[in-house]
Amino acid sequence: MDAQTFETMGTVVSLRIGSTAGGGAMRDGGLGDGGTRAVTEAAAPDAALAAVRTVFTRWDERFSLYRPDSEISRIARGDIRLTQASAELRDCYAIALDWRDRTDGVFTPHRADGVLDLSGVVKSLAIAEAGEALRGLGLSEWSVNAGGDLLVSGDQSPGQDWVAGIVDPASRHELLASVPLVAPVRAVATSGSAERGEHIWTSAGGGPSPYRQVSVIGLDIVTVDVLATTIIAGGEAALGRSIETFPIEVLAVLRDGSLVATAGLRSGQS
């Protein structure tokens, strides 16, 4: 089916429902296996879009520093302390701190100006929750793309994998690569300056990142999103540590436009 889109978190979210030999969504209108609530085939697109939009709206309302009424903006202004924040915000902060430890401090939720900024994990956590919402509707074939960060489930159609297009940062209308997402590889995230400018803090003492754009392909959306940011911020050393530690593939664009690709991508196997 064609993509259904909406704007949130300063970007565009795109939802596609795949087609299967059985017609896609569960059809009984009741409860599917495991107690998930199924929807009819005709109602699936509208129900799916509403579910995904609800998830992203809730995350944006709580975590956007661009919204003065958000909970994290209230913390930034000193209206409330972190210890007084909701369980959801404190849980998200704990996830960000865990990733700070796992990346040797390169990934951090603490900006240089002292502001707590959880945007490095918020979008990917919203994508992951949107996927769970779709599964709760009994849908197993779908893709959710939020500003180039992509999570998929099942197949696009019988025998046809979902494919991630990695955009050329020098020309947003051109693709650098098309990467089939063959299970268990389900997620792609891209970080860089092409879409939002220089918005990632580089490691202490560093200048601009040596990479203009980094795309990470892997098993889950939070991991690939965090590592894409980490590699941009930490440079070559962070790239080396990431590919040694995590089951990922990476396509990086250097400042001069040349490409760095991990072995799986060079061989055509992600």
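Contact here means heavy atoms within 4.5 Å.

## Ground rules

This is a predicted model, where local features need pLDDT of at least 70, side-chain atom pairs count only at pLDDT 80 or more, and totals for chains, interfaces and linings use all residues. Residues are numbered from 1 along each chain as its sequence is written, and side-chain values use heavy atoms, with hydrogens and water left out.

Let's start with α3, which runs over residues 87-102. Helices are DSSP runs of H or I with at least four residues, strands are runs of E with at least two, and both are numbered from the N terminus. With 16 residues, α3 reaches 22 Å from its first C-alpha to its last, close to the 22 Å expected (1.5 Å times one less than the number of residues).

Leu89, Cys92, Tyr93, Ala96, Leu97 and Trp99 are buried in α3, meaning under 20% relative accessible area with a 1.4 Å probe, protein chains only. They sit on the same side of α3 because they cover an arc of only 160 degrees around the axis, taken from the directions from the helix axis to the C-beta atoms. The buried residues of α3 pack against α1 (44-63), α2 (71-77), α4 and α5 (221-245).

## Valine 121 in α4

Valine 121 belongs to helix α4 (residues 119-136) and is buried, at 1% relative accessible area. Leaving aside neighbours within four places in sequence, valine 121 touches Cys92, Ala96, Phe107 and Val226. Its C-alpha is 7.6 Å from that of cysteine 92, 29 residues apart along the chain.

Note on methods: Buried means under 20% relative accessible area, exposed over 50%, partly exposed in between (1.4 Å probe, protein chains only).
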